Amino acid sequence: MKDFPTSNTNNLIHKIISIDDLPQLKKFRCGNGSMDLFLETEAYPSHIERESSTTLVYIDTKLVGYYTLRHINLSSLFAGSTPEEEIGVLDIARLAVDSDFQDNGIGKEIVNNIFHMAIQLNERFIVLDAVKEKWTWYKDNFEFDNLFEDDIVANSDIVTMIADLYDQDLVERYYDA
Ligand SMILES: CC(C)(COP(=O)(O)OP(=O)(O)OC[C@H]1O[C@@H](n2cnc3c(N)ncnc32)[C@H](O)[C@@H]1OP(=O)(O)O)[C@@H](O)C(=O)NCCC(=O)NCCS
């Protein structure tokens, strides 16, 4: 398994969304209108309804990014799934960095932070739906793989990605000792 560094190179402050943040949300622009709109209109109501959890990322008082997490059933990703796939997974429902701050390592730092949280919570899988132009970013920088080959070859806008946190080495070291 990859090493997920804990160093905070960008002095990022991770803050759970609150009502005081709402004026800031309107100004957020990441280059993807639907992600901006979600943050402005849905993130907070969805958070207080406990449907999904949004964390805002600040540098000082500037909102530079956000991510939204939730739990879903793995089976919801498969058509015609079987009960064995009825396992809860951590879903990165949204992830965005302000356009003026992109390509500074903030996205990577956020995803590494999510991996840390997932490891702490002892999650087995992290999943997400990547926009087509970004799936390689997840594949090249983290332990994500595309779940369905068709997403790549077919004319799909979305690529479903999955990271498996099961560490075979740890299991073998324990049972072989
Ligand atoms: C995707 C996103 C979150 C990445 O955040 P970021 O802070 O810009 O990313 P980072 O700075 O951590 O990573 C940039 C690195 O990834 C590389 N990269 C960028 N796009 C890539 C791609 N499609 N495939 C592979 N690598 C890519 C860059 O070249 C850069 O490499 P470097 O570190 O070697 O210089 C950001 O671009 C964004 O918010 N985009 C708009 C919203 C969006 O598309 N969200 C993702 C939905 S799935």
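Asn 122 sits in the loop that joins α3 to β5, where helices (H or I, at least four residues) and strands (E, at least two) are DSSP runs numbered from the N terminus. The model is a predicted one: local features need pLDDT of at least 70, side-chain atom pairs count only at pLDDT 80 or more, and totals for chains, interfaces and linings use all residues. Residues are numbered from 1 along each chain as its sequence is written.

**Loop residues with positive phi**

Most residues other than glycine have a negative phi. Asn 122 counts as exposed because it has 7 C-beta neighbours inside 10 Å. The classes are set by the number of other C-beta atoms, placed from the backbone, within 10 Å of a residue's own: 20 or more for buried, 12 or fewer for exposed, and partly exposed in between.

Asp 60, in the loop between β2 and β3, is likewise a residue other than glycine with a positive phi, here near 55°. With 7 other C-beta atoms within 10 Å, Asp 60 is exposed.

**Overall fold**

The chain has six helices and seven strands. Their order along the sequence is β-α-α-β-β-β-α-β-α-β-α-β-α. The radius of gyration is 17 Å, close to the 16 Å that the globule rule gives for 177 residues, so the chain is as compact as a globular protein of that length. This radius is taken over C-alpha atoms, and the rule is 2.2 Å times the number of residues to the power 0.38. The C-alpha trace spans about 55 × 40 × 30 Å along its principal axes. Of the 177 residues, 24% count as buried. Among contacts with a separation of 6 or more, 60% are between residues 24 or more positions apart; a contact requires C-beta atoms, placed from the backbone, within 7 Å of each other.

**Nonpolar core**

A nonpolar core is a set of buried Ala, Val, Leu, Ile, Met, Phe, Trp, Tyr and Cys residues joined through C-beta atoms within 7 Å. The largest has 33 residues, of which Ile 92, Ile 114, Ile 126 and Met 161 touch the most other members. Two or more residues each come from α2 (33–48), β2 (53–59), β3 (62–73), β4 (88–97), α3 (106–120), β5 (125–131), α4 (135–141) and β7 (158–164). β4 gives the most, with seven residues. Beyond four places in sequence, the contacts of Met 161 include Val 127, Leu 128, Ala 130, Trp 135, Tyr 138 and Phe 144.

Helix α3 has 15 residues and reaches 21 Å from its first C-alpha to its last, close to the 21 Å expected at 1.5 Å a residue; the expected span is 1.5 Å times one less than the number of residues. Its buried residues are Gly 107, Glu 109, Ile 110, Val 111, Asn 112, Ile 114, Phe 115 and Ala 118. They pack against β2, β3, β4 and β5.

**Individual positions**

Ala 43 lies in helix α2 and counts as buried, with 25 C-beta neighbours inside 10 Å. Leaving out residues up to four places away in sequence, Ala 43 touches Ile 17, Phe 38, Thr 54 and Thr 68. Ser 99 belongs to the loop between β4 and α3 and is partly exposed, with 13 C-beta neighbours inside 10 Å. With the same exclusion, Ser 99 touches Arg 29, Cys 30 and Gly 31. Lys 27, in the loop between α1 (22–25) and α2, counts as exposed, with 11 C-beta neighbours inside 10 Å.

The table lists C-alpha separations for these positions.

| Pair | Separation along the chain | C-alpha distance |
|---|---|---|
| Ser 99 and Asp 20 | 79 residues | 23 Å |
| Ala 43 and Leu 74 | 31 residues | 22 Å |
| Lys 27 and Leu 63 | 36 residues | 8.9 Å |

Terms used
Two residues are in contact if their C-beta atoms, placed from the backbone, lie within 7 Å.
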